[in-house]
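Trainee: I have a new model open on my screen and would like to learn how to read it. Could you take me through it?

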Amino acid sequence: MRIQLMTDGGADIPQQLIEQMQLEIVPLYLNFSDGEYKTGHSLKLADFHQKVKKLNEVPLSAAPSPNDFYEAYKKVPQDKPIIMLSLSKELSSTYQNAVTAKNMLEKEEPARKIAVINTKTASGGIALLLHDLYNKIQTGYTFEQVVQHTEERVGDTITLFVLQTLDNLVRGGRISKVTGKIAKTLSIKLLMRGSEQGEIEVTERIRGEKRAVNRFIQQIGEYTKNAENKSLFMTHCNSESRATKLLNEIKEKYSFKETFLTDTGPIIATHGGDGAIVIAFFKDRKK
């Protein structure tokens, strides 16, 4: 690769694409009562799920420091441009820390070319943007062209979530135990999406798993009528068989050019909980 691609621990990327893109990932931190861990390094995904259940808590997440990004950039040869796709600025200080590190290194080494892009999304949404960016590089786009293209694509990215349980939201104090118990009793499922500003917002509360999944699938058609030239990324939290079934239903209804399925990492799993599913794709552009 003539351009070094980077992202952070808020992205969930299929392993084959990590290898294909020669992607560098700067981890985020998770703080449990028993210590601090780095996503993907000192805390693997299976260990994360076990720890959440054992301690009956969800960790507090923390962004990589400016120095973490500085060290990651520094490892890349000076004559190799870097494009860093960051977790949404509205969800974490990751973006700002990545920019701070860029400014530090460019001051020391003025010949450096580093672009930090606020993806305004997370999980598979970042994977979608990276995949698209990589393909443009392969067709011959210059550093400047691919940065401009990707910044435009951020506005086209649709990221949708469906939560199967609210347990992690209760554990993390984001909703009360009473609300969580009522929702569980009534089998309330949350549909969520990434807003244009890059925040995660609840769009619908639906009673019943089947109705929630049907509505989740239906939403895709409200954003795109031309799926055949698009890719779809799906991530799941500890629920591969359910996610595979759901992905097959989506493929029966919409003719996406290609689809990808992978696990959500600890950052997204912290908030979504077991059974959470995220999909990301590009919406149709208005003519």
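Trainee: Which residues lie nearest the centre of the largest pocket?

Mentor: Good place to start, and keep in mind that this is a predicted model. The largest pocket has a volume of about 780 Å³, and 30 residues line it. Elements that give two or more residues to this lining include helix H1 (15-21) and strand S2 (24-26). Nearest the centre you will find Ile25, Pro27, Thr39, Gly40 and His41.

Trainee: What kind of aromatic pair do Phe69 and Tyr73 form?

Mentor: The structure holds 7 aromatic pairs. The ring centres of Phe69 and Tyr73 are 6.2 Å apart, with 35° between the planes. Planes under 30 degrees apart would count as stacked and over 60 as edge-to-face.

Trainee: Why are Phe69 and Tyr73 separated by about one helical turn?

Mentor: Both residues are buried, and both belong to helix H3. The separation is about one turn because along helix H3 they are 4 residues apart.

Trainee: Is Phe281 buried or exposed?

Mentor: Ring pairs link Phe281 into a cluster with Tyr223, Tyr254 and Phe256. The cut-off for buried is under 20% relative accessible area. Phe281 has 0% relative accessibility, so it counts as buried.

Terms used: Residues are numbered from 1 along each chain as its sequence is written. This is a predicted model: local features need pLDDT of at least 70, side-chain atom pairs count only at pLDDT 80 or more; totals for chains, interfaces and linings use all residues. Side-chain values use heavy atoms; hydrogens and water are left out. On a 1 Å grid over the protein atoms alone, a cavity is a set of points where a 1.4 Å probe fits but cannot get out, and a pocket is an open set with protein on both sides within 12 Å along at least five of seven lines; lining residues have an atom within 4 Å of a point. Grid points are joined across faces, edges and corners, and a volume is the space filled by probe spheres set on the points. Rings of Phe, Tyr and Trp (its six-membered ring) pair if their centres lie within 6.5 Å; planes under 30 degrees apart count as stacked, over 60 as edge-to-face and the rest as tilted. Buried means under 20% relative accessible area, exposed over 50%, partly exposed in between (1.4 Å probe, protein chains only).
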